[in-house]
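The points can be read in order, with the model open alongside.

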Amino acid sequence: ETCPREQTTIQLHRAWAEIAMAVGRHWVGDGEEQAADLADALLGDYGGEEVEDIDDDGADIDAGAAPLLRGSDSDGRAEPAPSSLLGLAGGMPRGASALPRWLVSGSSGRSSGKKGPGAPKKVKGVCPLCRQLVGSGSHRCSSAEWRVWEGQKSDAARADGNALFRQGRYEEAAAAYSEALNHSPCDAKLWSNRAAALTILGEFDKALADCEATIRLAPSWTKGYYRKALLFEGRREWSAATQVYEELLEKCPMPEEATAKARRRLPLMRARFQAVVQASGFPSPFCDEAVRERWQGLVASGAMISADIAECERRLKAAEDAKVAGNEEVGRSNWPAASANYTRGLVLLNFCPKEPWREQAKLEAALRLNMALCEEKVGRHLEAASLCAEVLLLEPTNVKARFRRATALCEMQDFDAGLEETELALAIQPREAALLALRQRLLQQRQAYRRKEKAQFARIFENS
């Protein structure tokens with residue numbers, strides 16, 4: 001048998017064990033150490049004095065002890081407190097001995113008793129935003145609040161910019177995007193949107209800088225590369241545009257649908273760059289080498305060699321008159337009569353002077369080019385393309401000859417060759433509206449033709 005004092009001590013130990021179990025059950029997330037802290041705060045020195053210990057989140061520990069003693073859990077549902085706790089809520093009898101070490105310390109080896117006034121507070125970690133030390137409980141981050149507020153202002157300015165952009169008010173839209181960037185400078189979409197507005201306004205240098213910022217912030221997002229490439233296309237810097245499209249396909253691991261535009265544009269940029277390089281190497285029109293090569297061709301073909309200068313000039317004048325007569329028939333849309341006059345002029349020029357004669361070569365090129373127009377109008381596209389090719393041998397920079405040849409090739413459904421001629425013509429005369437329209441027509445017809453071919457092949461395999 002035990003004496004009354006020993007029985008009282010055993011009852012106390014059992015009661016405080018239930019307190020520790022209740023704390024471990026209801027204090028979510030902090031476990032055994034927090035249970036020991038609360039037991040220290042509740043017990044004090046068994047005298048029931050008020051404890052003035054402040055937790056790291058600024059709440060008094062005794063203030064948090066009351067709901068635990070009432071049995072309130074984390075989801076707000078009430079449950080009855082253990083019966084042994086009911087008689088302990090008002091304090092413990094004085095003179096009781098200290099709690100045993102195993103009751104409150106567990107595996108941590110903590111000692112019981114009240115914390116001293118200078119005891120260091122526990123630290124759980126560091127807030128990644130404001131870099132302040134965080135203890136138990138909630139942490140109010142001033143940096144997070146500021147970021148939320150800035151994000152709200154940025155979203156409002158973005159919405160205004162999008163609305164202005166859709167209304168065609170691009171200058172105001174760019175200003176709204178700038179305001180949004182003041183609050184969210186790391187938003188790649190804002191940089192991209194402002195680049196689009198600046199591109200339409202013609203401020204290419206600023207737009208290019210915004211595209212570069214978009215790519216730095218989102219290196220695997222296709223939109224920044226697309227806008228940058230379109231800027232270079234507008235400047236006719238085909239080599240730079242080619243490099244941007246190649247970089248997009250390399251750095252953006254997107255599905256094929258998302259990069260389909262880059263895959264279509266890349267061959268076009270390469271073709272245009274090659275056309276510019278080729279056009280830059282064209283010889284001057286009717287250069288000595290080209291005229292002499294034509295004269296040697298006449299000699300080899302057995303043309304009449306004429307040493308009489310007067311006779312050569314008479315034939316040249318007659319060929320010029322035939323050209324004028326053909327032009328008059330073209331004005332009447334009388335294509336067969338015009339073609340007959342041009343043919344007569346070419347026959348008159350079929351003579352070979354003693355030396356190469358540049359005037360003869362120029363008139364022959366003009367007659368062949370006009371005759372190509374007549375052949376095209378009557379549907380003889382192959383003859384028209386051949387006549388234009390002969391003109392280009394003497395005058396490779398003749399944009400009209402390349403335009404008519406590309407048109408004939410388009411009618412022959414030789415879209416690739418037609419696009420090549422069109423790109424060469426645009427390399428010589430970039431802003432020609434008729435050439436731009438022809439290129440768009442060639443691209444559309446080539447795409448439709450390929451779709452038709454694909455469908456035909458699919459039906460062949462289905463039937464086989």
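1. Overall make-up. The chain holds 20 helices and four strands. This is a predicted model, and the points below should be read with that in mind. Of the 464 residues in the chain, 39% are buried.

2. The largest nonpolar core. This core has 32 residues, and the members that touch the most others are F286, Y342, L349, L363, L367 and L394. At least two residues of the core come from each of α13 (288-300), α14 (309-331), α15 (335-348), α16 (358-377), α17 (381-394) and α18 (399-411). Which helix gives the largest share? It is α16, with nine residues. As a general remark, nonpolar side chains in soluble globular proteins tend to be buried together.

3. With neighbours within four places in sequence left aside, F286 is in contact with V291, R358, A361, K362, A365, L394 and E395. Another core, of 30 residues, lies apart from the largest one, and its members include L198, I215, A229 and F415. F415 comes up again under the aromatic pairs.

4. The largest pocket. The space in this pocket is about 680 Å³. Its lining consists of 21 residues, of which R264, L268, L443, R446 and R450 are the closest to the centre. Three helices, α12 (260-280), α19 (415-428) and α20 (433-463), each contribute at least two residues to the lining. How do the lining residues divide into nonpolar, polar and charged? Seven are nonpolar, five are polar and nine are charged.

5. T259, in a loop. T259 sits between α11 (238-251) and α12, in the loop that links them. Is T259 buried or exposed? Its relative accessibility is 2%, and T259 therefore counts as buried, the cut-off for buried being under 20%. Beyond its neighbours within four places in sequence, T259 has contacts with T222, Y226, L248, L249, C252 and M254.

6. Aromatic pairs. A pair of aromatic rings is described by the distance of the centres and the angle of the planes. The count of aromatic pairs comes to three. In one of them, F351 and W357, the ring centres are 6.4 Å apart and the planes stand at 70 degrees, so this pair is edge-to-face. The angle decides the label, because planes over 60 degrees apart count as edge-to-face. F351 is buried, at a relative accessible area of 0%.

7. F415 and Y449. Another of the pairs joins F415 and Y449, with ring centres 5.7 Å apart and planes at 55 degrees, so this pair is tilted. F415 belongs to helix α19 and Y449 to helix α20, so the pair ties together parts that are 34 residues apart in sequence. What is the relative accessible area of F415? The value is 6%, and F415 is buried. Y449, by contrast, counts as partly exposed, at 30% relative accessibility.

8. L201. This residue is in helix α8 (residues 188-201). L201 has a relative accessible area of 34% and is partly exposed. L201 and A174 are 27 residues apart in sequence, while their C-alpha atoms are 9.4 Å apart in space.

9. Positive phi values. Most residues other than glycine have a negative phi. Two residues to check against this are S333 and Q413. S333 is not a glycine, yet its phi is positive, at about 60 degrees. S333 lies in the loop between α14 and α15, and at 46% relative accessibility S333 counts as partly exposed. Q413 likewise has a positive phi, near 65 degrees, in a residue other than glycine. Where is Q413 placed? Q413 is in the loop between α18 and α19, and Q413 is partly exposed, with a relative accessible area of 47%.

Conventions
Residues are numbered from 1 along each chain as its sequence is written. This is a predicted model: local features need pLDDT of at least 70, side-chain atom pairs count only at pLDDT 80 or more; totals for chains, interfaces and linings use all residues. Side-chain values use heavy atoms; hydrogens and water are left out. A nonpolar core is a set of buried Ala, Val, Leu, Ile, Met, Phe, Trp, Tyr and Cys residues joined through side-chain atoms within 4.5 Å. Buried means under 20% relative accessible area, exposed over 50%, partly exposed in between (1.4 Å probe, protein chains only). Contact means heavy atoms within 4.5 Å. On a 1 Å grid over the protein atoms alone, a cavity is a set of points where a 1.4 Å probe fits but cannot get out, and a pocket is an open set with protein on both sides within 12 Å along at least five of seven lines; lining residues have an atom within 4 Å of a point. Grid points are joined across faces, edges and corners, and a volume is the space filled by probe spheres set on the points. Ala, Val, Leu, Ile, Met, Phe, Trp, Tyr, Cys and Pro count as nonpolar, Asp, Glu, Lys and Arg as charged, and the others, Gly among them, as polar. Rings of Phe, Tyr and Trp (its six-membered ring) pair if their centres lie within 6.5 Å; planes under 30 degrees apart count as stacked, over 60 as edge-to-face and the rest as tilted.
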